[in-house]
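Here's a quick briefing to read with the structure open beside you. Have a look first, then we'll go through it topic by topic.

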Amino acid sequence: MIKPPARKAPPRKTAKGAKYELCLYVAGNTAKSSAALANLKRIAADHLAGEYSIKVIDLLKNPALARGDQILAIPTLVRRLPSPIRKIIGDLSDTERVLVGLDVKPHA
Amino acid sequence: MARRAASAHKPRGRASGPAAAAAAPQAWPSDAEQTLAALRSGLIDALVIPAGPGDHVYALRTFDEIEAANQKLLDSQERLLALVNERERLMQDLHDGCIQSIYAVGLSLEECRRLIREDPKHAARTVADAQASLNLVIQELRSFISGNSPPTAIDLAAELERIGHATRAHVPLFKVEVDRSVAAALAPESAVQLLQIAREGVSNIVRHAKAGSARISLRLRADKVELAIVDDGVGFDPHAPKGTGLGLHHIAARVQKLAGRLRLTSTRMKGSRIVVEIAGSR
């Protein structure tokens with residue numbers, strides 16, 4: 001018997017109603033951290049249709065926060081929602097890769 | 001820092017084979033894979049490194065900091081290596097130089113016990129030689145203490161003669177055959193190394209060989225300077241491992257420093273030959 005393709009559950013929205021809950025770990029205003037934030041804002045504005053929230057965590061101010069999401073490198077974007085948690089490490093300059101990482105676009 | 005394209009950022013296939021990879025969903029790269037790729041591509045600023053045992057304290061390390069730390073480590077490694085090499089050199093020089101010289105003085109003084117009765121004038125000369133040798137040893141030790149290299153301008157021919165003279169009480173037929181012009185033409189460092197090799201070789205003969213006759217020769221042979229130390233004693237195992245007390249590894253190390261060639265041959269009860277060949281010109 002051929003099973004029908006599994007239907008993907010609709011993404012859960014965050015408490016604030018955002019579909020994408022994103023957390024960007026940076027280290028002050030370094031070049032890559034600043035670029036990552038700018039790239040993230042641009043990508044979110046262009047592709048996430050307002051259904052997102054962005055939280056920026058500066059590990060220079062509180063390095064211990066790296067523990068929670070087990071951050072290895074700076075900058076790192078953590079997609080907390082939709083689940084599962086997904087990390088994208090780097091300055092987010094490759095838009096296609098970020099969209100794949102966020103599951104906005106399917107894997108090539 | 002070299003940056004390469006972030007090829008590892010591309011999602012990987014879970015299954016193997018092109019068909020399977022095309023059909024199966026692509027896995028997102030692990031944190032470690034992404035970090036490595038981003039590191040290579042220059043897409044990250046810093047690594048987050050646990051700074052304490054409890055994983056409660058984290059430290060950010062930028063690449064400049066990591067490179068500086070690596071450089072510091074390399075510098076420390078080089079300094080340590082230099083210290084180890086220097087220690088090895090001091091051990092060799094003390095073992096082959098001062099210790100052998102003092103040993104030779106001891107042999108001379110032992111001979112004096114007999115000479116005092118039989119040939120007092122000869123005994124007096126031997127004591128004077130021993131005193132001169134001890135002064136040289138003191139000079140060498142002072143050089144070690146002050147950190148300077150041992151004196152390098154030596155009269156190799158005279159030193160080899162002195163070794164032979166001091167040894168005759170234990171090896172009655174000890175010959176020294178030195179081509180003085182060859183000895184004089186050697187670079188100071190080569191002369192010092194050959195002298196230490198000769199001291200070590202002769203010391204082995206006196207202590208272990210039970211030889212009736214022996215010879216040190218220094219000559220030019222086929223454009224090479226050849227130092228040979230030969231005896232007719234009980235022989236030794238030329239392949240004996242390091243640490244067996246014959247100091248053969250010291251000899252080998254010195255020959256290596258001179259970019260020379262070492263030949264050790266020995267037959268049980270038929271003596272041994274240590275032959276060192278080095279380039280002839282300064």
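What share of the contacts in chain A with a separation of 6 or more comes from residues 24 or more positions apart? In this predicted model, the figure for chain A is 65%.

**How the chains are built**

- Chain A contains two helices and five strands, and going along the sequence they come in the order β-α-β-β-β-β-α.
- Chain A has 108 residues, of which 34% count as buried.
- Chain B comes with eight helices and nine strands.
- Of the 282 residues in chain B, 30% are buried.

- For the complex, the predictor reports an ipTM of 0.76 and a pTM of 0.47.
- The average pLDDT over chain B is 79, and 81% of its residues reach at least 70.
- Taken element by element, chain B has its lowest mean pLDDT, 46, in strand E1 (residues 12–13), while E7(B) has the highest, 95.
- Residues 1–23 of chain B stay under 50 in pLDDT, and the model gives this stretch 39 contacts beyond four places in sequence.

- Pro75(A) sits in the loop between strand E3 (73–74) and strand E4 (76–81) of chain A.
- Another cis peptide bond links Ser83(A) to Pro84(A), this one with omega at about 5 degrees.
- You'll find Pro84(A) in the loop that runs between E4 and strand E5 (86–89) of chain A.
- Gln70(A) isn't a glycine, yet its phi is positive, at about 50 degrees.
- Look for Gln70(A) in the loop between strand E2 (52–58) and E3 of chain A.
- Gln70(A) counts as partly exposed because 13 other C-beta atoms lie within 10 Å.

**Positive phi in chain B**

- Ala222(B) is also not a glycine and has a positive phi of about 50 degrees.
- The spot for Ala222(B) is the loop between strand E6 (213–221) and strand E7 (224–231) of chain B.
- Buried or exposed: which is Ala222(B)? Ala222(B) is exposed, since there are 7 other C-beta atoms within 10 Å.
- Ala259(B), which follows H8(B), has a positive phi near 55 degrees.

**H5 against H7 in chain B**

- Helix H5 (residues 156–167) and helix H7 (residues 188–209) of chain B pack at an angle of about 10 degrees, and their axes are 10 Å apart.
- The angle is under 35 degrees, so H5(B) is roughly parallel to H7(B).
- H5(B) brings Leu156(B), Glu159(B), Leu160(B), Ile163(B) and Thr167(B) to the contact.
- From H7(B) come Ala191(B), Leu194(B), Leu195(B), Ala198(B), Arg199(B), Val202(B) and Val206(B).
- Sorted by class, the contact of H5(B) with H7(B) has nine nonpolar residues, one polar and two charged.

**The buried side of H8 in chain B**

- Helix H8 (residues 248–257) of chain B has Leu248(B), Ile251(B), Arg254(B) and Val255(B) buried.
- What do the buried residues of H8(B) pack against? Their partners are H7, strand E8 (261–266) and strand E9 (272–279) of chain B.

**Met269 in chain B**

- Met269(B) lies in the loop between E8 and E9 of chain B.
- With 9 other C-beta atoms within 10 Å, Met269(B) is exposed.
- Leaving out residues up to four places away in sequence, Met269(B) touches Val234(B) and Gly235(B).
- In sequence, Met269(B) and Ala211(B) are 58 residues apart, and in space they are 9.5 Å apart from C-alpha to C-alpha.

Methods. Residues are numbered from 1 along each chain as its sequence is written. Chains are lettered from A and ligands numbered from 1 in the order in which they are written. This is a predicted model: local features need pLDDT of at least 70, side-chain atom pairs count only at pLDDT 80 or more; totals for chains, interfaces and linings use all residues. Helices (H or I, at least four residues) and strands (E, at least two) are DSSP runs, numbered from the N terminus. A residue is buried if 20 or more other C-beta atoms lie within 10 Å of its own, exposed if 12 or fewer, and partly exposed in between; C-beta atoms are placed from the backbone. Axes are lines fitted to C-alpha atoms, for helices over the stretch in contact, and angles run from 0 to 180 degrees between N-to-C directions. Angles under 35 degrees count as roughly parallel, over 145 as roughly antiparallel, 65 to 115 as roughly perpendicular and the rest as oblique. Two residues are in contact if their C-beta atoms, placed from the backbone, lie within 7 Å. Ala, Val, Leu, Ile, Met, Phe, Trp, Tyr, Cys and Pro count as nonpolar, Asp, Glu, Lys and Arg as charged, and the others, Gly among them, as polar. pLDDT is the predictor's confidence in each residue, from 0 to 100.
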